[in-house]
Amino acid sequence: MTLACGKSDARKIVIGYAQVSSVATLDEARAGFFKALADSGFVPDKTITVIERNAQGDIPALGLIMSDFQQQGVTHVATVSSVATQAALKSITDRPIIFGAVANPYVIGAGTSPANHRPNITGAEIPLPVDSAVVLAHETFPDVKEWGTLFDPADPFAEFYLEKAKAGAAAAGVRLITVACTGPGDIAAGIQALKAQGARGVVQIPSVMIGGAFSAVVKSTRQANMPLVGTTTSFQGAPIALGLSFYANGYDMGLIMIRVLRGADPATIPFQSEKKRSLVVDLASARAYGVTIPPAILARADSVIGGNPEAKTSTAGPQAITQQPARRGNNPFEFWLVAITQGLAFAALAWGVYLSSRVLRFADITPDGSFTLGAAVAAAMIVSGKDPLLATGVAVLAGMVAGYVTGLLHTRLGVKDLLAGILVMTALYSVNLHVMGKSNISLLDVRTLVADVHAIIPASQGWSDDLSLGVLFFFITVVLGLILAWFLRTDFGMAMRAVGDNPAMITAQGVDQRRMIELGLAIANGLVAFSGALMAQQQGFADVAMGVGTLVAGMAAVIMGETLLFNKRGLGYTIIMVAAGAILFRGMVALALRMGLNPIDLKLATAAFVLAALALPKLRVTRSAFRTAK
Amino acid sequence: MIEIERLEKTFTQPGGERVPALRGIDLVIPTGQFVTVIGTNGSGKSTLLNAVAGTFLPDGGTIRIAGIDVTRQPEFRRASLIGRVFQDPFKGTCPSMSVGENLRMAELRGERRGLRVGLSRSALDRYHELVKGLGMRLEGRLRATMGTLSGGQRQAITLLMATLKRPQLLLLDEHTAALDPRAADQIIKITDDVVRENKLTTLMVTHSMEQALEQGDRTIMVHRGEILADLSGDERAGLDANDLLRRFTELRYTVEFAVANRPPA
């Protein structure tokens with residue numbers, strides 16, 4: 001039908017607009033683009049038709065979006081972000097492509113110079129001044145001689161920007177330390193690795209993935225007491241940022257689109273480059289970091305936000321130039337406190353995996369999705385102003401529903417356990433995106449469970465967030481462990497254990513094992529979602545990709561816990577040791593990072609830890625057998 | 001009372017071949033009667049037991065236990081009426097759970113299981129006495145995991161579990177076949193005591209002619225999914241194992257002969 005419409009009126013304009021994900025920078029460019037169109041009378045759904053698609057981080061989906069544009073008779077293609085532009089370059093050759101928010105169009109093969117480019121493509125590039133940002137970082141924090149940055153090896157511009165950063169570091173006479181980071185869940189680890197390698201501050205180079213989880217960068221650098229300098233002004237949380245306006249870039253892109261819509265040939269329009277730099281100082285962030293911005297820099301700032309009278313008077317004082325003593329982060333306990341807090345948040349996950357894999361003996365993969373679901377539901381509710389306790393409770397219910405569905409697929413439709421879990425986990429990816437509305441939600445500076453701790457324990461006002469959460473998670477874990485131990489000893493819980501132990505026997509005792517599997521998986525995934533909700537509040541964000549590897553982490557904790565049992569038996573012991581396994585696992589990951597492990601090798605290390613835990617009892621047996629033989 | 005009418009079941013083998021396992025079995029067991037079942041391998045004796053237990057649903061006929069039509073009921077639903085001991089000593093208990101826990105689960109057979117810690121001190125005291133009654137010196141091992149018990153000990157516990165809540169029907173499927181002779185004798189003795197004491201309606205499959213005659217009140221022979229002979233009272237009392245074997249062999253040949261000479265359908 002759409003196809004017919006497009007063909008019936010040859011002059012009708014149909015713009016296919018594609019964006020790779022909902023990151024602040026790209027959303028700003030989008031706003032500028034549509035503002036430019038509207039300012040010239042091109043209003044979507046009135047004078048022009050716009051088909052808008054967002055791949056929500058799913059890069060292969062961009063190829064499908066492009067062929068869909070062709071199917072739907074799109075006359076002009078607009079792409080925001082480099083990856084979307086790359087996808088358009090590959091499949092659209094017979095109609096104009098106008099791009100925006102591309103750092104370097106030459107790297108992705110759009111052309112060789114502003115005037116010499118492929119005939120059907122033109123647009124507005126935005127080469128972020130990373131080199132100048134490094135120089136600015138040095139000017140703002142002259143005491144810091146070692147700066148670090150994370151980079152995403154999968155990002156097409158990682159190398160381009162790293163080169164720029166190195167050039168800036170050379171100009172400023174400081175050292176630049178880089179650490180690769182492949183997913184939002186590794187950001188905290190990456191910052192720790194930077195610190196372990198000697199970095200004392202962070203200038204974060206642009207990256208769609210890392211930018212999407214910028215709140216994690218903010219939280220981790222704050223914790224590590226490393227001042228953060230942003231290279232785009234779209235992300236909040238860095239005390240100081242030097243960048244270009246993505247809004248202006250999007251507006252320029254819109255102006256180019258208008259010229260093409262009015263009949264200009266894209267081949268004759270050179271690429272435009274965004275030049276207007278903007279220096280933003282965030283005084284509220286500076287206070288959160290415990291740093292002060294020198295007056296000279298403040299004077300240069302294009303905009304100063306988060307200020308209050310007190311801060312202004314202090315900047316005038318002589319002590320303003322010196323960095324304030326660190327409020328936290330230099331405390332070595334803080335690092336281990338985070339590791340233990342995360343371990344405590346993982347205890348519920350470990351128990352969930354223990355319940356499905358050991359008690360029910362059901363190979364359930366749902367946790368990779370239900371962990372994220374718990375984080376997504378909690379984060380979405382918290383940012384919408386709901387009570388964090390309520391949000392965490394609803395997250396648990398959502399996880400229970402997910403587990404129940406896996407159970408139903410297995411028991412009522414006869415789908416194999418592994419496949420049932422894979423299906424639900426895959427479906428949850430979409431559900432999680434719907435719940436969050438974008439691929440990442442920041443929980444920085446919103447009311448989380450920390451506020452509840454302050455309400456319950458007045459003395460905790462002076463504690464750091466992680467100490468408050470650590471204390472809270474400890475009590476939660478103890479209570480949850482007691483409940484679990486009690487539950488598995490009840491008549492109902494015993495029947496659930498029997499389902500995994502001997503299904504024929506428990507059926508002969510009048511128990512419907514299908515119902516037990518459904519309810520058991522619901523409880524297991526409720527625990528997993530609970531863990532995800534706690535984790536999101538601890539790390540300060542929920543990300544659609546944070547569930548990757550959850551099951552492996554849970555299994556690792558269970559296996560380590562079983563190793564810790566040292567042949568002791570009993571339900572209570574096992575429950576305690578599985579939680580201890582979760583804490584030990586996080587502790588080992590933390591230790592590996594502390595020792596300067598590259599976060600890229602984290603997964604490899606994880607596999608090695610699990611293998612070690614599995615092999616340890618065997619080695620013990622072999623050694624004692626050897627001794628006996630001797 | 002157990003009433004089985006025209007019970008039929010045909011299994012389809014992986015190759016597509018259809019094997020009739022039960023061909024219209026009719027059997028009525030009055031309340032309190034102990035029936036032993038004999039037959040060759042593949043005769044349908046275990047299939048009959050499984051059909052009554054509900055392991056599968058029959059193709060035709062009806063099964064009524066104590067007046068309740070259970071023909072279409074799933075296994076777990078009719079479990080409230082039936083106590084069962086399997087041939088495999090591993091099949092009747094949960095190996096990683098304690099003896100006490102296994103007994104508690106059996107005590108609730110067919111009942112709603114709530115959020116109550118059922119294995120209380122008083123329950124353990126109760127089980128202590130019951131296990132003591134088995135005479136196998138297991139009363140001190142209520143907290144031990146089931147997996148640490150021998151086959152004979154497990155079957156004794158399973159027997160206790162099957163009768164802990166009085167069943168309308170006790171199904172014993174060659175429950176001594178996997179045990180050594182000494183343990184088998186012990187279990188048979190316990191079976192006899194338990195059945196007599198509780199006046200249980202019992203259906204026991206066995207491959208031992210002696211057991212078939214010595215135990216219970218009535219013996220039926222199953223062959224090719226049909227009941228060939230039904231012996232009770234004086235007729236049964238006068239037989240010994242050899243007589244029974246001879247009788248069985250004769251009947252089987254008669255049937256085989258009849259089948260062989262049956263005009264093609």
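At what angle do α20(A) and helix α3 of chain B pack, and how far apart are their axes? This note starts there. The model is predicted.

1. α20(A) packs with helix α3 (residues 99–107) of chain B at an angle of about 105°. Their axes are 10 Å apart. Angles of 65 to 115 degrees count as roughly perpendicular, so α20(A) is roughly perpendicular to α3(B).

2. **Who touches whom in that pair.** α20(A) brings Met494(A), Ala495(A) and Ala498(A) to the contact. From α3(B) come Glu101(B), Arg104(B) and Met105(B). By class, the residues of this contact are four nonpolar, no polar and two charged.

3. **The whole contact between the chains.** The contact takes 20 residues from chain A and 25 residues from chain B. On the side of chain A, the elements that give two or more residues are α19 (465–489), α20 (491–501) and α21 (503–508). Which of them gives the largest share? α20(A) does, with seven residues. The side of chain A that touches chain B divides into ten nonpolar, five polar and five charged residues.

4. **Two domains in chain A.** The domain assignment gives domain 1 as 2–128 + 249–273. Domain 2 covers 332–625. Note that domain 1 is written as two stretches of chain A. The domain centres, taken over C-alpha atoms, are separated by 43 Å. Four residues of domain 1 are in contact with four residues of domain 2. On the domain 1 side, there are four polar residues, no nonpolar and no charged.

5. **Helix α6 of chain B.** This helix runs over residues 181–198 and has 18 residues. From its first C-alpha to its last, α6(B) reaches 26 Å, close to the 26 Å expected at 1.5 Å a residue. Which of its residues are buried? They are Ala183(B), Gln186(B), Ile187(B), Ile188(B), Thr191(B), Val194(B) and Val195(B). The cover over these residues includes β3 (34–38), α5 (151–164), β7 (169–173), β8 (202–205) and α7 (209–214) of chain B. Just after the helix, Lys199(B) takes a positive phi of about 50°.

6. **Helix α9 of chain B.** Is α9(B) largely in the open or largely buried? Of its 20 residues, the number buried is one, so α9(B) lies largely in the open. The helix runs over residues 241–260. Its end C-alpha atoms are 28 Å apart, which agrees with the 28 Å that 20 residues should span at 1.5 Å a residue.

7. Ala101(A) has a phi near 60°, a positive value in a residue other than glycine. This residue lies in strand β4 (residues 97–102) of chain A. Ala101(A) is buried, because 31 other C-beta atoms lie within 10 Å. Arg361(A) also needs a look. Its phi is positive, about 50°, although Arg361(A) is not a glycine. Arg361(A) sits in the loop between α14 (332–359) and α15 (367–383) of chain A. With 13 other C-beta atoms within 10 Å, Arg361(A) is partly exposed.

8. **Leu22(B), a buried strand residue.** Leu22(B) is found in strand β2 (residues 18–29) of chain B. Why does Leu22(B) count as buried? Because it has 25 C-beta neighbours inside 10 Å, and 20 or more count as buried. Leu7(B) is 15 residues away along the chain, yet the two C-alpha atoms are separated by 6.6 Å. Leaving out residues up to four places away in sequence, Leu22(B) touches Leu7(B), Glu8(B), Lys9(B), Gly44(B), Thr47(B), Leu48(B), Ala51(B), Pro58(B) and Gly225(B).

9. **Gln197(A), a loop residue.** Gln197(A) lies in the loop between α7 (187–196) and β8 (201–204) of chain A. It is partly exposed, because 14 other C-beta atoms lie within 10 Å. Gln197(A) and Glu146(A) are 51 residues apart in sequence, and their C-alpha atoms are 9.5 Å apart in space. What does Gln197(A) touch, not counting residues up to four places away in sequence? Ile177(A) and Gly596(A).

Definitions and conventions:
Residues numbered from 1 in each chain as written. Chains lettered and ligands numbered in written order. Predicted model: local features only at pLDDT ≥ 70, side-chain atom pairs only at ≥ 80, totals over all residues. Contact = placed C-beta atoms within 7 Å. Helix = DSSP H or I, 4+ residues; strand = E, 2+ residues; numbered from the N terminus. Nonpolar A, V, L, I, M, F, W, Y, C, P; charged D, E, K, R; others polar. Domains from an automatic or database assignment. Axes fitted to C-alpha atoms, helices over the stretch in contact; angles between N-to-C directions. Parallel < 35°, antiparallel > 145°, perpendicular 65-115°, else oblique. Expected span 1.5 Å × (residues − 1). Buried ≥ 20, exposed ≤ 12 C-beta atoms within 10 Å, placed from the backbone.
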